[in-house]
Structure formats: C-alpha cells, structure tokens
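Q: I have a protein open here and want a quick tour. Can you walk me through it?

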Amino acid sequence: MSTCILCNQYFEEVDSWATLFSLVEPDPLCSTCSEKFEKIEDEFCEGCGRPFSDVSDEYREGNLCYDCVRWEKDPRWQGVLTKNRSIYLYNDFAKDVISLYKFRGDFVISSIFKTPLTKAFKTHFNPTYLVVPIPLSDERLYERGFNQAKALAGLLDVSIHDALARTHLEKQSKKGRSERISGENVFRVTGEVQDKDILLVDDIYTTGSTLRQAGKVLLEAGARSVSSLTLMRG
C-alpha cells in the first residue's frame, strides 16, 4: 500500500517489470489524482507545444498556432525560442497543485513530476543541452524559500547550470501580454553559454514572454539556440 502525495489516500501500487527492476519510479499518485492531470498527447503546435485540439483552424497556420506566428513575425523576437514542450494543460486541478507547490512551499510535491519530466526530456531533447532553470529574484526566492523551476530541473538527473540571474520586478502573472513583451528585460547572463544549445526549465508556459526574455539575453551572450521544457501549458 502507498499513500497518494496529493490526497493522502491509500492505494495499491500497480507492479510491473519496470518498477520491479527500478527502471521507473513508482507512481506517487493514486489513479484518481493522476487522471485529473490532462496530458498533452495529441497534435500540438511545433513552436509552443499548445495542443491543436483547443485551437480553431482560423488560429492555426501550418504547424504553428497564431500566437507563435505573431512572435515569429515580430523582428524583436523572431527565432528567439526554438521550441517549447509542455507535459500537461494548466487546468483547474493543475492550478491547485501548482499553488500548493509554488506559493505554499510544499516542496515534496515536485517528486510527482519526476517520471513525466524525464520522459519529456528524453523524447524532445538530449543530454547535449545546457539545462538552465528560470531564476527567481533574490526577493522572491526569500519569500518562497526555494526556486520551483530549479527543483523541477533537478528531477532530470542532469547537470544544472545557473547561467541566469533575475531582477526583482512586479510579478509577470499580474501583467497582460503586451506589458510582458514591452517591459524591460529582467534577466542577465551570469554563466558561460557560448555556442551552447540551452534548455530553459520552468513550471508554466503562459504567453511565452518570460522564456523569450531569458532566451534573448542568452542568444545575445553567444548561445547557439534556446528551447524550453515546462510542466504546464497555460
């Protein structure tokens, strides 16, 4: 018997050869909680990873959604982010879980994402990428006690590089898309990124502005390319 990390209910683990020989981690969630996460499995935008099942044909151009088309038509941001891949949709259940994890400091929750994050990394990327978590400002880090993006990156079992630092400004979640795009860049490069393919790790892709701001300074510092792996697609 195991106890679900989220609902604290006991559940029977499903044994398999993979878990028996420790090839995969045992599932820390009961089936009820696990099924409440909506995995992105069908056809999705090659740019941001948004599932096309949620996009009308008029907001799609080839293998890109309209948002990505707009980004790529803007000369300031064209080519800044090669691709983003997300694992889950940011539904109501996911919002509650992220709130527990991110804002209430329940660090242990990150362990439920180890297997899906590792699988996504191996599917869409490879160990040659320089893994860089999106940083918090010193002030925000003090408030929360940990960097949720760095905790997620740590689940990948690869080297993590703190190649970025962040200036403390108003929360991005309080700003609209235009404010995020036009605002000053909050990131600066603090590590060696010359000729590296960078993989940014963060919890949520919403408008893509945070990732592109980080990507922009990395490319200006000599990075070869910038992509991202995010837990949720908003």
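A: One definition to start: two strands pair if DSSP finds at least two bridges between them. Here, strand 5 and strand 10 (residues 225-233) are joined by five bridges and run parallel. Helices (H or I, at least four residues) and strands (E, at least two) are DSSP runs, numbered from the N terminus.

Q: Which residue in strand 10 is the bridge partner of Leu89?
A: Arg233 is the partner of Leu89 there.

Q: Back up a second. What kind of model is it, and what are the ground rules?
A: The model is predicted: local features need pLDDT of at least 70, side-chain atom pairs count only at pLDDT 80 or more, and totals for chains, interfaces and linings use all residues. Residues are numbered from 1 along each chain as its sequence is written, and side-chain values use heavy atoms, with hydrogens and water left out.

Q: What is the mean pLDDT?
A: The mean is 90, and 89% of the residues reach 70 or more. pLDDT is the predictor's confidence in each residue, from 0 to 100.

Q: Where does pLDDT stay under 50?
A: Over residues 16-22. The model has six contacts for that stretch beyond four places in sequence. Contact means heavy atoms within 4.5 Å.

Q: How many helices and strands are there?
A: Nine helices and ten strands.

Q: And what share of the contacts comes from residues 24 or more positions apart?
A: Those residues account for 72% of the contacts with a separation of 6 or more.

Q: How much of the protein is buried?
A: Buried residues are 47% of the 234. Buried means under 20% relative accessible area, exposed over 50%, partly exposed in between (1.4 Å probe, protein chains only).

Q: Switching to aromatics. How many pairs does the structure hold?
A: Nine aromatic pairs. One of them is Phe37 with Phe93: the ring centres are 5.0 Å apart and the planes at 75°, so the pair is edge-to-face. Phe37 sits in the loop between helix 2 (31-34) and strand 3 (60-61), and Phe93 in helix 4 (residues 92-103), 56 residues apart. Rings of Phe, Tyr and Trp (its six-membered ring) pair if their centres lie within 6.5 Å; planes under 30 degrees apart count as stacked, over 60 as edge-to-face and the rest as tilted.

Q: Are Phe37 and Phe93 buried or exposed?
A: Phe37 is buried at 6% relative accessibility. Phe93 is buried at 18%.

Q: Which residue forms a tilted pair with Tyr88?
A: Phe113, at 6.3 Å centre to centre and 55° between the planes. Tyr88 is in strand 5, while Phe113 is in the loop between helix 4 and helix 5 (114-124), 25 residues apart. Tyr88 is buried at 6%, and Phe113 is buried at 0%. Phe37, Tyr88, Phe93 and Phe113 form one aromatic cluster.

Q: Which residue lies over the face of Phe52?
A: Arg60, at 3.8 Å from the ring centre. Lys216 lies over the face of Trp77, at 5.1 Å from the ring centre. The test: NZ of Lys or CZ of Arg is within 6 Å of the ring centre and within 35 degrees of the ring normal.

Q: What does Ser110 touch?
A: Tyr101 and Leu155, not counting residues up to four places away in sequence. Ser110 is in the loop between helix 4 and helix 5, and is buried at 5% relative accessibility.

Q: Last topic, backbone. What is phi of Asn8?
A: Near 65°, a positive value in a residue other than glycine. Most residues other than glycine have a negative phi. Asn8 is in the loop between strand 1 (2-3) and strand 2 (10-11), and is exposed at 55%.

Q: And phi of Asp157, what is that near?
A: Near 60°, also positive. Asp157 lies in the loop between helix 7 (148-153) and strand 7 (164-166), and at 60% relative accessibility counts as exposed.
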